[in-house]
Amino acid sequence: MGDNAKIRESITKQTIAELISTYPVVQDFFVNYNLQNLQQDLTVAGALARIPPEQLQEFGLDVFSLTEELVKFMATLIHNREERESVRTITIIGGRNKQGEAENVTLTIAAGEVVSIVGPTGSGKSCLLGDIECLAQGDTPTRRHILINGRSLTDEERFDIGNKMVAQLSQNMNFVMDLNVAEFLAMHAKSRLCEEAGQVIQQCFTCANELAGEKFTLDTKVTQLSGGQSRALMIADTAYMSSSPIVLIDEIENAGIDRKQAIGLLTENEKIVLISTHDPLLALSADKRIVIKNGGIHKIMKTSAAEINSLRDIEKLDAIMLAIRQQLRYGERVSPLAVNFNKLAPAEQGPGSDQQEKECQQHVGII
Ligand SMILES: Nc1ncnc2c1ncn2[C@@H]1O[C@H](COP(=O)(O)OP(=O)(O)OP(=O)(O)O)[C@@H](O)[C@H]1O
């Protein structure tokens with residue numbers, strides 16, 4: 001029996017109340033067809049059969065085609081749920097760098113892991129994100145292959161627009177719709193068949209406002225949001241509404257948002273997060289970092305215990321920079337710094353020494 005036939009058989013036998021209690025978002029489907037008053041204790045088949053034909057004619061439907069619409073709606077809902085739960089790993093199989101030299105790398109990243117991508121400007125960080133976004137199969141300039149749960153995807157799986165495995169938060173985000181924040185979030189909730197949409201919309205809005213510096217309201221037009229506010233809204237949206245299990249972030253450091261909180265939020269739901277960054281705080285907040293050089297994966301380094309210690313100092317420095325930025329933003333004088341700069345010089349044999357780098361590379365078993 002095909003998937004849709006199984007869904008049809010299963011849902012039509014349930015009562016309306018049972019179906020709604022398992023999938024609250026189904027109420028939206030009924031409301032769309034003006035069917036909010038269906039009798040709750042009847043089976044779905046029974047309740048749909050009792051709808052007067054003229055009520056459905058308004059939508060160009062009869063009971064049979066309405067049932068098929070409901071089955072398609074449920075199939076998408078179930079597919080999204082399964083997908084969210086199904087990506088356990090992604091694997092990057094090396095291709096070649098800008099010179100055509102082989103990368104000789106196989107890196108597997110598990111659900112819940114955060115990996116940063118670092119390297120000089122123009123080295124190829126966004127290109128690696130692009131490979132993951134399109135689930136490359138040796139058909140991009142880098143010739144990399146990306147596997148999901150250890151296997152290559154078919155072209156149908158890669159290019160199925162309903163199959164949104166990867167969410168990408170890119171550097172430039174522009175809205176073209178004339179909607180306010182509330183309408184925008186409601187539209188997303190609907191298109192992603194979000195369960196408990198009202199609650200999720202409120203969570204997204206509150207969280208985006210916490211991430212962004214300057215507050216905005218639900219009435220604010222999305223076209224009026226600043227770059228940082230748009231970024232904050234999209235991060236909250238990705239964290240709470242998107243079912244995509246893989247999140248790619250291209251440089252959030254310049255968006256003026258709370259970066260640590262943003263990453264914490266995205267990793268809460270066992271997503272795989274890859275961040276291209278020039279920011280030490282973000283780079284070291286990851287479990288591992290991929291170092292890109294000349295278009296190729298040069299090294300993969302696990303964040304060492306010493307680096308995690310340094311991260312605490314980096315956070316303090318970051319807090320100082322943030323405070324200075326706030327003072328400047330609000331037209332205040334910058335207060336004298338209570339920092340002993342002599343103490344800030346990196347220790348001679350500190351993190352980053354050759355010995356430690358070798359250990360890191362051995363640890364992840366890379367080239
Ligand atoms: N392996 C490769 N083979 C061929 N071209 C590559 C490869 N990797 C990167 N490139 C090319 O190099 C250019 C710069 O790459 P990319 O934009 O990914 O750099 P970046 O590290 O993200 O830069 P920035 O830090 O400035 O954002 C792009 O034109 C990209 O197509």
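The centres of domain 1 and domain 2 sit 33 Å apart, taken over C-alpha atoms. Domain 1 covers 3–85, and domain 2 covers 87–300. Those bounds come from an automatic or database domain assignment.

A word on the model. It is predicted: local features need pLDDT of at least 70, side-chain atom pairs count only at pLDDT 80 or more, and totals for chains, interfaces and linings use all residues. Residues are numbered from 1 along each chain as its sequence is written.

Now the overall count. The chain has 15 helices and 9 strands. These are DSSP runs, numbered from the N terminus: helices are H or I with at least four residues, strands are E with at least two. The chain holds 367 residues, and 31% of them count as buried. Buried means 20 or more other C-beta atoms within 10 Å of the residue's own; exposed means 12 or fewer; partly exposed is in between; C-beta atoms are placed from the backbone. Next, contacts: two residues touch if their C-beta atoms, placed from the backbone, lie within 7 Å. Take the contacts with a separation of 6 or more: 70% come from residues 24 or more positions apart.

On to the sheets. Strands of a sheet pair through backbone hydrogen bonds, either parallel or antiparallel. Here, two strands count as paired if DSSP finds at least two bridges between them.

Look at the sheet of 6 strands. It is open, its order is S5-S6-S7-S3-S8-S9, and its pairing is mixed. The edges are S5 (166–169) and S9 (296–302), each pairing on one side only. From one strand to the next, the twist averages 20°. Angles run from 0 to 180 degrees between N-to-C directions, and axes are lines fitted to C-alpha atoms, for helices over the stretch in contact.

Follow S8, residues 288–293. S8 pairs with S9 in the antiparallel sense, over 6 bridges. Valine 291 stands opposite lysine 299 in S9.

What lies across this sheet? Helix H7, residues 125–133, lies across S3 (114–118), S5, S6 (246–250), S7 (272–276) and S8. H7 runs at about 155° to S6.

H7 also matters for the ligand shell. With 3 residues, H7 gives the most to that shell. Which residues come nearest to the ligand? Of the 15 around it, they are Gly124, Lys125, Ser126, Cys127 and Gly295. Near means a C-beta atom, placed from the backbone, within 6 Å of the molecule or strand. By class, the shell has 2 nonpolar, 11 polar and 2 charged residues. Ala, Val, Leu, Ile, Met, Phe, Trp, Tyr, Cys and Pro count as nonpolar; Asp, Glu, Lys and Arg as charged; the others, Gly among them, as polar.

Next, the sheet of 3 strands. This one is open too, in the order S2-S1-S4, with antiparallel pairing. Its edge strands are S2 (106–110) and S4 (145–148), each pairing on one side only. Its twist averages 15° from one strand to the next. S1, residues 89–93, runs antiparallel to S2, joined by 5 bridges. Threonine 91 stands opposite threonine 108 in S2.

Last, two backbone points. Arginine 143 is in the loop between H7 and S4. Its phi is near 60°, positive in a residue other than glycine. Arginine 143 counts as partly exposed because it has 18 C-beta neighbours inside 10 Å. Buried or exposed? Asparagine 149 has 11 C-beta neighbours inside 10 Å, so it counts as exposed.
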